[in-house]
Amino acid sequence: MDLRKNGIACRGAIALAAAVETSGSLRTLNLRHNIIADAGAIGLGMALKLTTCLEELDLGANRIGDEGTITISKGLAENTGLRVLNLRSNRISDRGLIALAGLLRESDTLLELYIGANPGTTEIGFCAVIDAV
């Protein structure tokens, strides 16, 4: 499902999260260039705990910060289906990257992770991710 550049905000992302939880067929969700922010990412992160069908999630350029990233990481820790996650061009700092690194240490299903162009990150966060893979 391609919903990029639709002005989807927190409330829309939370509604989509409910659909992700119950969908048995949704494989790809592209929400790039919306404004879901942390609240929407938290809803999607919680939904990831309950779905195994979703294989690709694109959340690039959505104003997601550390809280949303941490919840997504927790959701992915219990998810066995997601293979590709894009978090480029958000508001993630080293704290969020370190949470993702923890996920990578425990997950063998996530194959592609895109985290570039997050202005709050430094080599500390990137080194944590590199060490985890």
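Here are a few notes on the predicted model shown above.

1. Overall build. The protein has 5 helices and 4 strands, and from the N terminus on they run α-β-α-β-α-β-α-β-α. Its radius of gyration is 13 Å, close to the 14 Å that the globule rule gives for 133 residues, so the protein is as compact as a globular protein of that length.

2. Burial and contacts. Of the 133 residues, 49% are buried. Take the contacts with a separation of 6 or more: 86% of them join residues 24 or more positions apart.

3. Helix 2 against helix 3. Have a look at residues 37-48 (helix 2) and 66-77 (helix 3): the two pack at an angle of about 5°, with their axes 7 Å apart. Angles under 35 degrees count as roughly parallel, and helix 2 and helix 3 are therefore roughly parallel to each other. Helix 2 brings Asp38, Ala41, Ile42, Gly45, Met46 and Leu48 to the contact, while helix 3 brings Asp66, Glu67, Gly68, Thr71, Ile72, Gly75 and Leu76. By class, that makes 6 nonpolar, 4 polar and 3 charged residues.

4. Asn62. This one sits in the loop between strand 2 (56-58) and helix 3. Asn62 counts as buried because its relative accessibility is 0%. The Asn62 side chain reaches the backbone nitrogen of Asn34 at 3.3 Å. Beyond its neighbours within four places in sequence, Asn62 is in contact with Leu31, Arg32, His33, Asn34, Ile35, Ile36 and Ala37, and also with Ser89 and Asn90.

Note on methods:
Residues numbered from 1 in each chain as written. Predicted model: local features only at pLDDT ≥ 70, side-chain atom pairs only at ≥ 80, totals over all residues. Heavy atoms only, no water. Axes fitted to C-alpha atoms, helices over the stretch in contact; angles between N-to-C directions. Parallel < 35°, antiparallel > 145°, perpendicular 65-115°, else oblique. Contact = heavy atoms within 4.5 Å. Nonpolar A, V, L, I, M, F, W, Y, C, P; charged D, E, K, R; others polar. Buried < 20%, exposed > 50% of the residue type's maximum accessible area, 1.4 Å probe, protein only. Polar contact = N/O pair within 3.5 Å; in protein donor to acceptor, adjacent residues only side chain to side chain. Rg over C-alpha atoms; globule rule 2.2 N^0.38 Å.
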